[in-house]
Amino acid sequence: MINILKSLNYGARRDPVNWITIGSLLVLPFLGMYVMGAVGGDTLQQVTPSFYFATQLMAIIFVITCFGMIILACNLVAGDAGDKTMNYEIMAGHSRTKIFAARMMAGFLWGAVLVCLLTILPLGYLNLAYGWGLETDPEEVLLRCLLVFFPTLRFCAFSMMTASIMRSAGKGIAVSYVAYLALAMGTSMLQELFQVTITYQTSMTNAAFLLVSTNSRNVVMDGRTVALYDTAVTPEMIYNTIGFSVLFTVIYLIVAYINFKKRE
């Protein structure tokens, strides 16, 4: 399995699509901060990590970054489906279980893990440049960012399941993208028309719940008014986020594995 994983990583490193995707994800926070400055009248020097989170810019960037995760995860799982690489791996004596496990591991590493690192990265370099800021508590925000890994893992598993069943990275990307948009529209309609709030039931609403805080109060600090946001993490948030994410991740992997085992 290690050799298969090394082979997948080697192929991923040589794929220009993956590097274009990663490069785009690295640029996104800077583009978002520039647009925010151009629209809101703020300068880049004022964008502390606290401000970056409080203005929901981090959540917006994360939503767009998930499209990149779809591309990376599907490419790792089914990017070589058309050239019969898996058939060669089976002929070489590797079991289907090891082939499947290696692809899922590579997809998680290039998809969920990498996307989470790129999501947290702006907090690091903004903190080094300008300090944390006043609007939020750094430990609570970082805990929320760590919890976001679980719904990200869940959505990554869904994308990989789709690519594996479709036996095509392109079809997997397309179906995952359509499912993502349909889910976003459906949850929005339920909330606006029927006042039904969906939080932990879907990966994206769960992630949005963690990366967005609407409760704030104005206080005077150092002679100026500052909006302090409530970013406290409750046990309910932790248990439900981890529980729902792990449950659905396991279901997606089981479905993908059953389909993979039955494949000719």
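The structure is a predicted model, in which local features need pLDDT of at least 70, side-chain atom pairs count only at pLDDT 80 or more, and totals for chains, interfaces and linings use all residues. Residues are numbered from 1 along each chain as its sequence is written, and side-chain values use heavy atoms, with hydrogens and water left out.

**Overall fold and confidence**

The chain holds ten helices and two strands. Helices (H or I, at least four residues) and strands (E, at least two) are DSSP runs, numbered from the N terminus. Along the sequence their order is α-α-α-α-α-α-α-α-α-β-β-α. Of the 264 residues in the chain, 44% are buried, where buried means under 20% relative accessible area, exposed over 50% and partly exposed in between, with a 1.4 Å probe and protein chains only. Among contacts (heavy atoms within 4.5 Å) with a separation of 6 or more, 79% join residues 24 or more positions apart.

The average pLDDT, the predictor's confidence in each residue from 0 to 100, is 85 for the chain, and 89% of the residues score at least 70.

| Helix | Residues | Mean pLDDT |
|---|---|---|
| α5 (lowest) | residues 85-91 | 58 |
| α7 (highest) | residues 138-166 | 94 |

**The nonpolar core**

A nonpolar core is a set of buried Ala, Val, Leu, Ile, Met, Phe, Trp, Tyr and Cys residues joined through side-chain atoms within 4.5 Å. The largest one has 65 residues, and Tyr52, Phe62 and Leu211 touch the most other members. Helix α4 (residues 57-78) supplies the largest share of this core, 14 residues.

Leaving aside residues up to four places away in sequence, Phe62 touches Val115, Thr119, Val148, Thr152, Met204, Ala207 and Leu211. Thr119 lies in helix α6 (residues 96-130). Thr119 counts as buried because its relative accessibility is 10%.

**Helices α4 and α7**

The axes of α4 and α7 come within 9 Å and cross at roughly 40°. Axes are lines fitted to C-alpha atoms, for helices over the stretch in contact, and angles run from 0 to 180 degrees between N-to-C directions. The two helices are therefore oblique to each other, since angles under 35 degrees count as roughly parallel, over 145 as roughly antiparallel, 65 to 115 as roughly perpendicular and the rest as oblique. Residues of α4 including Met58, Phe62, Cys66 and Met69 meet residues of α7, among them Cys145, Val148, Thr152 and Phe155.
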